[in-house]
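Hi,

Here is the structure I promised to pass on.

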Amino acid sequence: MSNQTLEQLAKADYEWGFTTDVEQDILEPGLSEDVIRVISAKKSEPSWMLDWRLDGYRRWLQLAEPHHWAKLSYAPIDYQAIRYYAAPKQKKQLQSLDELDPEIRRTYEKLGIPLGEQKLLANVAVDAVFDSVSVATTFKKELEKHGILFLPFSEAVRRAPELVRRYLGSVVPQGDNFFAALNSAVFTDGSFVYIPPGVRCPMELSTYFRINASETGQFERTLIIADKGSYVSYLEGCTAPMRDENQLHAAVVELVALDDAQIKYSTVQNWYPGDAEGRGGIYNFVTKRGKCAGRRSKISWTQVETGSAITWKYPSCILQGDDSVGEFYSVALTSKHQQADTGTKMIHIGKRTTSTIISKGISAAHGQNSYRGLVRIQKGADGARNYSQCDSLLIGDQCGAHTFPYLEVLNPTAKVEHEATTSKIGEDQLFYCQQRGISEEDAVSLIVNGFCKRVLKELPMEFAVEAQKLLGVSLEGAVG
Amino acid sequence: MTTPMLEIRDLHVRIDASGTGGTDGEAILRGIDLVLPAGEVHAIMGPNGSGKSTLAHVLAGKPGYEVTKGEVLFEGRDLLSIAPEGRARAGVFLAFQYPVEIPGVGNMYFLKQAVNAVRSHRGLEELDAMEFLSLAREKMKLVEMPEELAKRGVNEGFSGGEKKRNEILQMALLDPKLCLLDETDSGLDIDALRVIAGGVNALRGPARSMLLITHYQRLLDYIVPDHVHVLAGGRIVKSGGKELARELEDKGYGWLQAMRAPAG
Ligand SMILES: Nc1ncnc2c1ncn2[C@@H]1O[C@H](COP(=O)(O)OP(=O)(O)OP(=O)(O)O)[C@@H](O)[C@H]1O
Ligand SMILES: [Mg+2]
C-alpha cells in the first residue's frame, strides 16, 4: 500500500471527541485517605464500604505498576495529578429521567444513545455513566417486575447491601493487581446487576461510559450476579472527548455465574485513541474476570477494542463448577500510535470444563498489538479442554503483532489446542477487490471485517453493526 | 475508422521490485502490439512463462510491474494512467487465472459492493438488496452456479472449477466492455467448460471485446475467436485466424520460437 494511504490511515477522525458544558462537582487532583473518605461521603456510603475502600488503598500503596511484563511503553503516570471524582451538579435526586440535565441528555443523543425510555427502539436497558456517576438508568421498573436488579453501583450499596457485601471482591479481590487495587480505593460508579434464579433477562442490559471532565480518571466497577439457571446479556460501550493529555481509565468488572447460569458480556471499546502523532488518548487498564462458580455455568466475553492509546485488559474465566464453560472472543485494532496488550486467562478447576479463545488482532500505521493468554489446567480438572486460535493481520510495515501464549497443564487428561497465524493484508486480495471496482479504502475495511467475522457474529445484532462501522472508521482514509 | 476497444503499442514491461527491496527483474514483455476492435474476440496462446498473465495484469493495473515503454489505449483513452478500480469501473474486467480467497467476506455481499461501485460510477442508481438478489439469481442461472456457493465467503474453499465459475458470474454481473479471461478453461471438466463457454458466448456483443488467454484449442471450439495471437518470449510472434489454434495444437510452439525475430 502507498505511504499516503498509511498516513491517511493513521489520521482517521474520531467522531466522538466533543466535550459537554455542564456544571461540575469536582475534586482537586490528588489521592490520599482523605480523598477516599470524601468520595465515600459524597456517596453516603455505609462504613463497611469505606473500610473496604481503605483496605484497597493500603494494598495499592504496596503494589508496583505492572510495567515489566506487558509489551507497552508509556511515560510514568502521576497519580497525584489525577482527579478522582467529577460529577455533573444536580440540584436534587432525580425523580424521573425527564429531569436529567438537557446538556447531558443531548450528549448521549449525539452518541446515539437516547435515554428517554419511550424513545428506545431496541430492546435494550441503559445505564449511562458520565464521568464519575451514573446519570440515568432506563427500564428500571420493567426489570424489577422480573425481580432483576439493574442499578448504579452506589444505589446498589444502599439497596442491596447483602448481595454487594457477599460478592464484591469475590472474583477480583482488592489486592489482585495494581490497577484493581486503585479501583477498589476510588471507584465511583458503575453498574450492578442481579438476575434471580430461573429468570431469563427479557432485554439486553447496557452501560454506556462517557469520560467528559478533563484531568479526570474514570474508575467504574461493575458486578453482575446470575443466580441459578438465569441468563443475561450485557453490553458495554465507551467514548471520551479528544484531549492532548492522557486520561486514565481503570475499571473492574466481576461476574459470578451460579449453577446453570449464563452471562454473555460484550464490549465495544472506543475510547479516544490519541492523534496521529501519538498525543493524548485514554490509558485503559482494566481488570475483567468472571467466575463460573456453579456447575454447567457459562461465561462468554466478547470484545471489540478499537480505541484507547493503551489497552491493558485480560477478560478471564475461573472455571470452578464442573462442566462449566468459558469463552473469549476478541477483536483488537491498533492504528495511529495505539498499543494493546490484551488477551485472557482461562483457569480450569472443575471437571470437564471447556474453554474457547478466538482472538483477532489488527495492526495498522504504528499500532502495536499483543495477544497474551494463559490457559491453566489445575490438577483436579479431569477431562478439561481448551481450544485457542490467535490470528494477527498486519496493514503496512510499521506496525507490529505479537503473540504470548502461556500453558500450564497439571492434569494429564486435559486436551489443549493452540493455533496462531500472522498475515499481511494481501496485496492480491486488495487488487482483486479493486479489479471489481471497489476502492482501496473499502477493500481494506471489507477484508478486515471478513477477518473478524468469527468474533463479530458473537455480538448482539445492533452491536455487531456498530462494531463493523467502527472498524471501518478506525481504518478510514485508506484511499490510494 | 472507428476507435478500437483496445490498442496496445510497443508495450515493454518488467517486474518492479522497488516496493519489496529486491532488484528489478528483466523485461517480461518486449514490445507488444495489438489492436482489438469493438465486438471482437481474440485468443492469446503461448508457452508457459511467455508473459500472457503479465499482459492481462498490466492491462488491469496490478501493482508490481513497471511499464518501461509503450502505451495502451482503451476506447482511445490512456489506460495506464487510471487507477485499478477506475479501470474496472470504466469497464475493464479480468477473470483471474488464480482467483484469491477473501475469508469471511460473503460472496453475495462482495458482489453487491462491486456491482454498486461500478453502477454509481456509471451514473446508475445503486441496487438495493432485493434488486441485487434477483439480478444475481438470473446471472447465476447463466453459469449454473449453485446457491450454496453464493452463501460462502469469496472463493472460500471453492474448488478450482468453482472459482472459475465465480469469475464468469462476476463478469456477467459487472457488464464490462473489455473482458480479459486468463485461462478460464483450465481446471474445468467437460460439462463445466460447456456451461462457462455458453455463459461467455451469451455475453458476446457488438459493444464488448474479449481477450481470451488459453492453452487449449478445446475452449476455442466453443468460443470461436476472430483472431489468434501467439505470445512467446514477451512478443507476439504470430497472428492469424482461428485455424492457427489448430495448427498449434498439432505442431506445438517450437517452430514459432525458432522463427522469432532477433532482439533489436
Ligand atoms: N513477480 C515476479 N517476479 C519475478 N518474475 C516474475 C514475476 N511475475 C512473473 N514473473 C515471470 O515472468 C514470466 C511471465 O510470467 P506470466 O505469468 O506472465 O506467464 P504466462 O504466460 O501467464 O504463463 P502460464 O502459461 O504458465 O500461465 C515468467 O517467467 C515468470 O516467472
Ligand atoms: Mg498465466
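This is a predicted model: local features need pLDDT of at least 70, side-chain atom pairs count only at pLDDT 80 or more; totals for chains, interfaces and linings use all residues.

Residues are numbered from 1 along each chain as its sequence is written, chains are lettered from A and ligands numbered from 1 in written order, and side-chain values use heavy atoms, with hydrogens and water left out.

**Ligand 1**

The shell around ligand 1 has 13 residues (a residue is near if one of its heavy atoms lies within 4 Å). Gly49(B), Lys52(B), Ser53(B), Thr54(B) and His215(B) come nearest. By type, the shell splits into 3 nonpolar, 8 polar and 2 charged residues (Ala, Val, Leu, Ile, Met, Phe, Trp, Tyr, Cys and Pro are nonpolar; Asp, Glu, Lys and Arg charged; the others, Gly among them, polar). Helix α1 of chain B, residues 52-60, gives the most to this shell, with 3 residues (helices are DSSP runs of H or I with at least four residues, strands are E runs with at least two, numbered from the N terminus).

For polar contacts to the ligand (N or O pairs within 3.5 Å), a polar side-chain atom of Asn48(B) sits 3.0 Å from a ligand oxygen, and a polar backbone atom of Gly51(B) is also 3.0 Å from an oxygen of ligand 1. Glu183(B) brings a polar side-chain atom to 3.3 Å from a ligand oxygen. The protein covers 57% of the 630 Å² of accessible area that ligand 1 has on its own (Shrake-Rupley, 1.4 Å probe).

**The sheets**

One open sheet of chain B has 6 strands in the order β6-β9-β10-β3-β11-β12, with mixed pairing (two strands pair if DSSP finds at least two bridges between them). Its edge strands are β6 (92-95) and β12 (235-240). Inside it, 5 bridges join the parallel strands β9 (178-182) and β10 (209-213), with Asp182(B) opposite Ile213(B).

The other open sheet is antiparallel, with 4 strands of chain B in the order β2-β1-β4-β5. β2 (27-36) and β5 (77-78) each have a single partner strand, so one side of each lacks a neighbour in the sheet. Helix α1(B) packs on this sheet, touching β1 (6-15), β2 and β4 (contact is heavy atoms within 4.5 Å). The direction of α1(B) makes about 110 degrees with that of β1(B) (axes fitted to C-alpha atoms, for helices over the stretch in contact; angles from 0 to 180 degrees between N-to-C directions).

Cheers

How values were computed:
A polar contact is a pair of N or O atoms within 3.5 Å; within protein, one must be able to donate a hydrogen and the other to accept it, and residues adjacent in sequence count only if both atoms are side-chain atoms.
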